[in-house]
Amino acid sequence: MKMLQLIKNVFSQLQVDPTVSYKLTLYMSFSPCSKCSMSLATFAKSEQRVQVDIMFSKLYFHKNRSIQKGLRRLKHEGVSLKVMDKEDFQTCLYLFVDEHNTFQEWTGLHKKSEKYSDYLRDILDQVHSLSASGSFYSALPIYVHIVFLSCPFQNFL
């Protein structure tokens, strides 16, 4: 089953109150490819009650214009994109792997996170307008976390 369909099924099975807001956090090894960015952007646009946050350790072919366009489309639809730093890796370890272990930072993590964050900022700075609604969720969000530990994304979305 494709990941977005699974997510949609979860929301429909919960029979949630349409006035409640949700936050969906995706932890990924790489930023989404262009095809997956477009699928996620379409999902984010159609599910206004769901704030989508994507956290990843590396940019996926960040010099590819099609992938850059997909990342900008995600940003345009209100999706938050972030390169993971030490604290994010610690959170991911705690939530999904072992809550009793402390994340052991590898050599150069901080420098690489900053480098990829700069690349991402350069890509996203080309966005001139955000989503038309411009609204933020006022209700307390309900969090849903999903972990992607590898690429390719086409198998998930």
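**Figure 1. Where the confidence sits along the chain.** Of the elements in the protein chain, strand S4 (residues 142-147) has the lowest mean pLDDT, 47, while strand S3 (residues 80-83) has the highest, 94. Across residues 128-157 the pLDDT is below 50, yet this stretch still has 67 contacts in the model beyond near neighbours in sequence. Keep in mind that this is a predicted model. Where pLDDT is low, the predicted coordinates should not be read in detail. For the protein chain, the average pLDDT is 77, and 78% of the residues score at least 70.

**Figure 2. The elements in order.** The protein chain has five helices and four strands. Start at the N terminus and the elements run α-β-α-β-α-β-α-α-β. Take the contacts with a separation of 6 or more: 83% of them link residues 24 or more positions apart. Of the 157 residues, 37% are buried.

**Figure 3. Helix H3 and what covers it.** H3 (residues 65-76) is twelve residues long and spans 16 Å from its first C-alpha to its last, close to the 16 Å expected. Its buried residues are Ile67, Gln68, Gly70, Leu71, Arg72 and Leu74. Among the elements covering them are helix H2 (34-46), strand S2 (50-58), S3 and helix H5 (109-124).

Figure 4. Tyr94, Leu95, Phe96 and Val97 make a nonpolar surface patch of about 380 Å². Leu95 belongs to helix H4 (residues 86-96). Leu95 counts as partly exposed because its relative accessibility is 38%, which falls between the 20% limit for buried and the 50% limit for exposed. As for the protein chain, it exposes about 9,700 Å², with carbon and sulfur atoms supplying 53%.

How values were computed:
Residues numbered from 1 in each chain as written. Predicted model: local features only at pLDDT ≥ 70, side-chain atom pairs only at ≥ 80, totals over all residues. Heavy atoms only, no water. Patch = residues over 30% accessible without salt bridge, like charges linked within 9 Å, V, L, I, M, F, W, Y side chains within 5 Å. Areas by Shrake-Rupley, 256 points an atom, 1.4 Å probe, with all protein chains shown as cover. Salt bridge = Lys/Arg side-chain N within 4 Å of Asp/Glu carboxyl O. Helix = DSSP H or I, 4+ residues; strand = E, 2+ residues; numbered from the N terminus. Buried < 20%, exposed > 50% of the residue type's maximum accessible area, 1.4 Å probe, protein only. pLDDT = per-residue confidence, 0-100. Contact = heavy atoms within 4.5 Å. Expected span 1.5 Å × (residues − 1).
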